[in-house]
Each structure stands twice: as C-alpha cells, then as structure tokens.
Amino acid sequence: MPGERLSVRGTSEVGRFPGAAPPTRVELTIHKEGEKKQEGGCRRWFRKMCPCCCKRQSSTYDVTDRVEFVKPPAPEAAKPKPENGEAKEMEGVKFSVSSVDLLSSKTGQNRKEHHTDLYQGDELIIRRGQAFQMELELNRPFIANNDKLHLELKTGPLPLVSKGTHVIIPLVGHREDERWEAKIVEQNGNKIKLSVTSPASAVIGLYGLTVTTSSLKGEAATTHDSTKNIIMLFNPWCEEDAVFLHDEEETKEYVLNDTGRIYYGTEKQIGARTWNFGQFHEGILEACLFILEKSDMPPSGRGDPVNVVRVISAMINAQDDSGVLVGNWSGNYSDGVAPSAWSSSVEILRKYHTSNGTPVSYGQCWVFSGITTTVLRCLGIPARSVTNFQSAHDTDVSLTTDVYLDENMEPIDYLNSDSVWNFHVWNDCWMARADLPPGYGGWQAVDSTPQETSQGTFCCGPASVNGIRSGQVYLKHDTPFVFAEVNSDKIFWQRNLDATFSQIHSEKKAVGHCISTKAVGSDERADITHLYKHQEGSEEERIAVETASRYGSKPNVYSTATAEDVSIEVKMEGEGPRMGADAQLSIVVKNLSSHPRQTTLHIQVAVMYYTGVLKSTIKKEQMPVELLPNEEKTIEWMLPYQQYQNQLVDQAALMLTLSGRVGETQQVLANQTTFRLLTPDLNVTALGEAVVGKEMAAKITFTNPLPRMLKGVVFRVEGLGLQKGHEVVVGDVGGHSTVTLTEHFIPTQPGPRKLVASLDCKQLTQVHGVADIIVLEQ
C-alpha cells in the first residue's frame, strides 16, 4: 500500500477497541469456609431486588449471608489449603498478566542462540524461524484447564492478520515448526516461561507485543502491553529461511564481520582500503529500521528478501527518494565530505537517522556499496562489497560498449555516452530466488549507486549472478545492465563520408576484469570473476554474449572475424606510475607476419573520472611505426608531471588511447588503457599494550609526495571498539613534508580491532591506512 510506513503502537491503545473506555472493575471478596463459589453480578442484583424469587443455591459448604468489602489477606498470612481446594480458589481470581520479561539481555540465551548478542541495546533482537523465550509474571498461578492466553505481535501503522503484520500466537501443548506458536516450558508459582516459534517467512522489523488473557468462564479478556519491543531479523542460520547460507565460515564473514576491504584503482594497479561496516554499532540497527520505515514498501513486503534488497538499493542513494547518500562526481565537495574521506558507514547512517532522513553529502560507488553491506548484514542478509575493474556503463541497452571515431580516427566525444569505469563497486547478497527458475538462487548482484533507472527508480538488482554468467538477461531484476558491466564487447565505429558509421574493430576482452571481494576469514583479495563470466574467449563465454545480445537493442551488431597480424599492448613497470613523478608506460607493437608492416599510431592521454567520463585531453601526438617481419618493438612513452599536476580529478586516473591502421592490410589497431597515479599510504602504528579500559596511543604518519603544498588537510580516524570517528584538522602541509599525529584513546571492546585513518584533501585523494590491534581483557 503506497505510503504505508513502519511504526509501533503506544502501550495504551493496542488490543482495545478504539475509543472505548476501559471497564471499571470492583473487587468483591466473600468470606467463606472451604471453597468459595462465585455467582454472576446480574444474579446478585436480581436476588437483592427480589430475594424470594431468587434464593441462594444450596451448597455443601457453609456460606454466610453477610457480604463485606475487605482487603485481600497478605500471601504469607494465607492458611495452607489442599491442592485441589487451592486451584478452585484461584479459579475465582480474574486471570491477568502483571509483567513481561522478554529475556533480552545481550548475554542471555535468546540473544546468544539467535546470533544477535553483538548488537547494542537491550531490546529483544531475534531471527525468524527460530524459537525464543519470554517470561510472564501472572497475578496468580496459571491453571491449564481454566485459563486462556495468547500473544499478539503488531508491526506497521495498520496491522492486518491477512498481511502477516498482525500475528496472533496461540498457546499450544505441542509445538510445530514453520508457524507462530507458544508453549509453556516452565512454571514456577506465578511465573511461566514461554517458548515461541515463528515461521521462516515472517515479516522482519519492529514489533509491539500484547499478551491477552481470559478464562473459560467467559469473563472479559484483559490485555497487557510489553514495555519493550521485539525486533525480528532475517535468519541465515535457518534452513527454511530464503537467506540461509550453509557454510558457517561464510556466515561469520558475510553477516557477523563488521569490518572489510573495498578494492579500487585499475586492474593492473589494484588498491585496497579498510572499511568499517559497523552493523552492530550503537544506533545502526535503529537507522536501518528507519530506512525501511522511510521507504514506500508496505510492512507486509518485508518478509521477502528480494523486495527488501531492491528497496535498500533505492534508499541508499538520495536520487529520487531522499535516501541516505548524495552522489557527487563533480570534484567539488565544499558543502559536504569528499567521498574518498569516508572510511566507515557508521557516521553516515547515524547522521541520516538523527537528522530525520536528511541525505548525507557526499558519496561515490564504494561508499554506496559500503553502506549497503552494512544495512544488509545488519538486517541478517549475507552481503559483500564487490569491485569490477574495467566496468562498462551501457546507456542504450545494446549490451555493447560503443566507441565512435571520426574520419581521422579521433574519438567523437559527444557520441561516446557509453563509458568504461576504471572500477565500479556494487554488492553481492545471498538468497534463494523462488521468483526465478531453479538454479538462479545464491549470489545476487545489487547496486545502490545511481546510474540508470529501473522501473522509474534509481536502483539495481537483485540480479542472479548465475543468470549473468550464462547471459540469461531476461531474468529480473536489471540483469542486462549488470551483464553489460562485466561482459559486453567494446565495438569501435568509424564515421564515413556520408555520416554513417561502419564497424571497424571489436574488443572481446575489454570489460569485466579482476572482479574482487575480500576473502573469507582473511584480508586477502579473492578473485570471483569466474562467478560472473566464463573464461574469456571460451566457447561458453561467447555463447553467453551471443545469448545476451539477442535481447539487446542492437542484436545483429558483431564484427566478422578478420585476419590480424599486428598487435598492440600497453605495459607498465611494477605497480605503475606514482603521484608527483613523471608517468612512464611502454607501448609494445608486434608484427606476427612474415612481411613488413607500417602504421601511424595516434596517441592521446586524457584525465578521467574513475567512472570513465573524460575531463580533458592533456597530451596528443602521432608516431610512425615500421615493423620488420616478426619484429616486436617497444616504445617508451612518458607524461611529465608538469603536464598533469593541475589537471587531475578524484582517483588520479588517466586514459591512454591508441589507434591506427596498418597500411598493407588495412587492419585497425585500437587500444584504450586506464592507469592511475599511486598515492602514498598513511602509516598507522599502535603504541603500547591494548587493554580494555586502559589508555593507549597510535601514531599516524604521512609524507606529502608532491613538490607543492597541500591545502586544508584533514585526517579522519575511527576504530570500532577503540574510539568514535572524529576529524583532526591538520591544515597546510608543505611539499615533501612529513606529518605525524598521535591519537590517545581507551579501548572498550576486546578482541581483534582495526584503527582506520584517511586523509581528506582536494589535491590528493585515496590516502588511507589501518592498524590491526589485538585488545586484551582487563
């Protein structure tokens, strides 16, 4: 239902008819010997008005005719009675609940068994499809053959039984799986302990609890509202849950690990940065539930992880629904935080929540992905951040990446709307896909970065990774877009004299390289390219491309194979060029024929945003090349520091474009190579022993690699369980100068911890560092 939002009722109205005044009740105590026998209020009134017509019924017990209003005797003053007599006595006392204990302590059985003991706060946080316990204190002992009791859970503004948002949980003698039921597992005096089960398809979110009691005598039911709420999450440990993940080590990594690694750069210069997901940090669960509440998804849809993931991918970006984060690729972040300065999801999510949903500025793909990982893991959906290098952005659903050249083999910028990002970060999440044919469950790609709309909204996924691999792009959701990102061919077109275009070259291995995520159980990089595509050039991979292309806007656009006996390749030495120095690359041209070949290479290098959008060309040249039979020639190419020092944008990325035509065969040579200028790391070193509650320190060191001053340098430091995130304003740092910062803090949580630092500066981005710290118990 549009506009339906998550809320939890107040404790005074739920369980009662709206507007009805609560009944006034007078306690009447009749002194008797032995068993007490009650009669209805109407009969008492009638007997009082007309005693001759309505005489008191005889009884085997002596009963006085005198009625007194007295205080009930204190329990310790009560005389012992036979067990049967006591039960009969209790039947006369109206049955009600005095208090509810949800047993929600972080160290208690519920939170431990449900793997929710890492969350902050003392709400009852449970996972669906798994039993949990609660204790009820009653006003008298529970009598099984006389008393009736049931629980009610409600979520959303208009809870309905038919929608699964108003749940009535009966008390049963024997529990069955996959349904809402409660069973008494322990009784001690006026206290009973209930074991409650839920189906593995239950709606997730915030529930209010009401306990309703009555007796077989038909008296009016009474209700008791719990002062605490219940939070229900997805359950990757439950086989019946759609998000069940069978491997325990993977579940620990993809649900319970609150730190990770996000990869960036280029395929030949892969960089990694530590990211604090912080899904268990104080206030983050509340922020995630707030995001669900702010979305337009009705609470009844929150039982299906496909729906939840799709809504989360829309709500993480602010493009069309005032979501969490504003995207900005302009290079101007003066009214917010630069995307490269973030190293944690915690501050962003808490800021969004405490501002009642004001989008936070600014983010780019790795920030969107980091937040998505946090939210999905927090809600119980296994998730990981995934980086695709040479990631295509197909703007016309052709499933190809098109490059247009003019008559002189120069790029036509205004036509080149398709782009190939140096890298792009999205997410994988794990779930069954009952909405797809068998075989397409497991990892699903979801992307929160606003690139293209899907059904009118800036969201993407979930798309089956198995479906992407096999080219089944007709499967929902947004599979064609993700397929093009990882496995589209790059097609080169040249403008003819009559303004038409002819296909002159295709690159079948230009897109989708080194698809990376953090390895399970370590900080190593795991290459998962094989999950997204078959081996490049294999028959299976070509079949997948051809299968996908049939569903694109240009189903017949593929070049026929031509004999190619000259190849061109760009190589770099070691890790590649470094910021502040001249950039040097090698262009290797090979003649594979037994005849001489000659061509003229058109060489240009342009500054590029990591999204593949070119800012400006900073160097152009032409170079004649003559090759002897079977000769390999290496051309050393250089870009001086002076030519790029004032031109760079975020990520310090550049694109080298080579093109040419072999004179003897008319073979077209084309190559585009992206590279980045490496930036230095922050050196973060722990000082002294790390013990909970004991002050320690860490030293952060940075050396400016540039021969020029850095303006307005700011450090951002955060460590989950070590210290809260904060900024340290350093100011200006001179050329080749070294800055040393010492942080003092008191660890609050034991175990392995990470202190993460990043540098925020307009002239230098992607500078960060991390220290691994083992914190001991006091």
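Which residue lies over the face of W342? R716 does, at 4.9 Å from the ring centre, where a charge sits over a ring if NZ of Lys or CZ of Arg is within 6 Å of the ring centre and within 35 degrees of the ring normal. The model is predicted: local features need pLDDT of at least 70, side-chain atom pairs count only at pLDDT 80 or more, and totals for chains, interfaces and linings use all residues. Residues are numbered from 1 along each chain as its sequence is written, and side-chain values use heavy atoms, with hydrogens and water left out.

**View A. Surroundings of W443.** R384 lies over the face of W443, 3.8 Å from the ring centre. W443 also belongs to one aromatic cluster with Y254 and W430; rings of Phe, Tyr and Trp (its six-membered ring) pair if their centres lie within 6.5 Å, with planes under 30 degrees apart counted as stacked, over 60 as edge-to-face and the rest as tilted.

**View B. R676 in strand β30 (residues 668-676).** Strands are DSSP runs of E, at least two residues, and helices are runs of H or I, at least four, numbered from the N terminus. R676 is buried yet has no salt bridge (buried: under 20% relative accessible area, exposed over 50%, partly exposed in between; 1.4 Å probe, protein chains only; salt bridge: a side-chain nitrogen of Lys or Arg within 4 Å of a carboxyl oxygen of Asp or Glu). The nearest side chain of opposite charge, E575, is 7.7 Å away (Lys and Arg count as positive, Asp and Glu as negative; His and the chain ends are not counted).

**View C. V482 in helix α10 (residues 479-487).** V482 counts as buried because its relative accessibility is 2%.
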